[in-house]
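My notes follow in the order in which I checked things.

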Amino acid sequence: MADSEPPLLNDVQEIKTPLDVALERLDYFLTSLGFHQSSFKGFLLSWSAFAFFGVALPIAVNSLSGCGSSDGGGCTAYRVPRFEMYVLASETSLAAASLACVSQNLRKHGIRRFLFVDRFHGRALRFRKEYVDKIQAFFFLLICWMLPLLLAKAVRDVILFVHIKHGPLWESIALVFASVLSWVYLNAVFLSTCLLFNLVCNLQVVHFVDYAKLFEREADVSMLLEEHQRLRYNLSKISHRFRVCLLLIFLLVSASECVTLIQTTGYPGITNFINAGDFAIAAVVQVIGTIHCLHSAAKISHRAQGIASFASTWHAAAACASSGSSQPHSINCSENLDAATEDSTSLYLSESDLESLDVSVQTNSQLISCMSSYNKRQALVLYLQSNVGGITMFGWTMDRAFINTIFFIELSLVTFVLGKTIVFSSK
């Protein structure tokens with residue numbers, strides 16, 4: 001009988017929640033892209049796949065699809081080799097930076113601690129549905145952005161190889177497939193990194209929304225302080241883990257866009273979708289990734305900065321409710337202050353009045369309790385106003401002011417490049 005009964009503990013451990021399933025899907029997807037490098041074998045396989053799909057395969061495609069000497073230079077109207085090499089360099093550098101930064105964090109922390117959904121923190125059950133929705137939104141955004149760009153890339157390559165093909169049909173099909181496969185790998189790695197940062201920030205937004213609701217329930221001040229310190233610690237860890245990755249993305253994207261402008265505006269021939277389409281597609285991918293990074297960082301930063309306003313409103317409402325209470329057995333703070341003043345005065349004037357002394361002790365204790373609650377709330381408000389938090393990158397808070405700075409820097413670079421490449425004749 002004892003052997004026929006299965007242990008209940010094993011049955012409980014085998015049950016998988018929707019959050020566990022969503023995290024496993026995300027973990028498998030990141031593993032397929034080579035982000036998991038927890039062992040030497042995984043490290044070797046990951047970078048070998050990157051070297052093959054991200055470097056060797058596109059270089060081989062560009063070499064095998066080169067213009068022959070018998071076409072009289074007509075193929076140069078459809079293909080500019082240096083355009084494709086610059087695009088490949090920008091895509092490869094962004095994918096390599098993304099792969100190195102994210103794989104290091106996943107190797108050190110694992111998927112649960114990396115996303116701050118560790119089951120041992122006791123919060124996975126409470127926010128399980130929100131976690132699952134955010135993870136599903138990660139895949140939805142990736143598919144929504146990759147599919148139309150993949151279609152544009154495939155159409156451009158088909159048109160290109162139709163015009164420049166010299167061998168059999170199967171060779172052209174193989175070259176198109178290899179080119180598209182390499183593009184999918186490189187851009188999926190880059191966009192997944194940007195959307196993974198977006199996912200981490202959106203998961204913290206869930207906690208900030210819940211934290212703002214705590215003020216509506218008039219929670220204890222010490223509990224509010226402890227919860228905010230935990231949220232601020234999470235934001236500091238996110239900033240530390242992604243700061244190098246974000247800085248590399250911003251620098252590489254800026255350099256890539258400048259090279260794109262220099263090459264397309266300085267090219268003496270005619271640029272069109274066939275010979276310069278890769279520039280346009282790569283620019284769209286890079287801008288989309290950068291916008292997602294900036295938007296998610298600014299969103300969580302302003303959520304963190306807005307907590308001080310919730311606390312101020314909560315403090316003012318609690319102070320008004322305390323001073324304006326009309327219940328028959330309640331004593332408000334202002335009345336306590338007046339009573340304490342009068343009783344203390346009568347205490348010094350008439351030491352034989354013991355009854356006034358008793359009233360003074362009672363009202364003073366109530367006054368101390370009321371003022372203690374007020375001071376605690378005031379201290380919490382001052383703390384939140386002085387420690388707004390947010391996503392930072394080497395000390396710079398990534399909020400709307402940071403986005404404006406990035407915009408004007410990029411605008412200055414664009415106008416500088418255009419001023420060097422586009423020259424209007426005075427005649």
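**Overall build.** I began with burial and found that 42% of the 427 residues in the chain are buried; I keep in mind throughout that this is a predicted model. I then went through the secondary structure, which comes to eleven helices and two strands. Reading from the N terminus, I noted the order of the elements as α-α-α-α-α-α-α-α-α-α-β-β-α.

**Helix α2.** I checked the length of α2 (residues 18–32) against expectation: at 1.5 Å a residue its 15 residues should span 21 Å, and because its end C-alpha atoms are 21 Å apart, the two values agree. I next asked which residues of α2 are buried, and the list reads Leu19, Asp20, Ala22, Leu23, Leu26 and Leu30. Seen down the helix axis, these buried residues of α2 fall within an arc of 160°, so they line one face of the helix. As background I wrote down that an α-helix has 3.6 residues a turn, so residues three or four places apart point the same way. On the face of α2 turned away from the buried side, I found the exposed residues Pro18, Tyr28 and Ser32.

**Record entries and two segments.** I looked up "transmembrane region" in UniProt, where an unreviewed entry lists residues 43–65, 135–152, 172–197, 242–262, 274–294, 379–396 and 402–423. I compared two of these ranges with the model. Over residues 172–197 the chain is 100% helix and 0% strand, with end C-alpha atoms 38 Å apart, whereas over residues 379–396 the chain is 44% helix and 17% strand, with end C-alpha atoms 26 Å apart.

**Ser172.** I placed Ser172 in helix α6 (residues 169–216). Is Ser172 buried or exposed? Its relative accessibility is 10%, and because buried means under 20%, Ser172 counts as buried. I also noted that Ser172 and Val162, ten residues apart in sequence, are 7.8 Å apart in space, C-alpha to C-alpha.

**The largest pocket.** I recorded a volume of about 440 Å³ for the largest pocket. Its lining is made up of 19 residues, and those nearest its centre are Val253, Glu257, Val287, Thr290 and Glu410. The elements that give two or more residues to this lining are α7 (221–266), α8 (273–323) and α11 (400–421), and α7 gives the most, with eight residues. By residue type, I divided the lining of the largest pocket into 13 nonpolar, four polar and two charged residues.

Conventions: Residues numbered from 1 in each chain as written. Predicted model: local features only at pLDDT ≥ 70, side-chain atom pairs only at ≥ 80, totals over all residues. Heavy atoms only, no water. 1 Å grid on protein atoms, 1.4 Å probe; cavity = no way out; pocket = protein on both sides within 12 Å on 5 of 7 lines; lining within 4 Å. Points joined across faces, edges and corners; volume = space filled by probe spheres on them. Helix = DSSP H or I, 4+ residues; strand = E, 2+ residues; numbered from the N terminus. Nonpolar A, V, L, I, M, F, W, Y, C, P; charged D, E, K, R; others polar. UniProt positions renumbered as here; feature names shortened; annotations may be inferred. Expected span 1.5 Å × (residues − 1). Buried < 20%, exposed > 50% of the residue type's maximum accessible area, 1.4 Å probe, protein only. Arc of directions from axis to C-beta.
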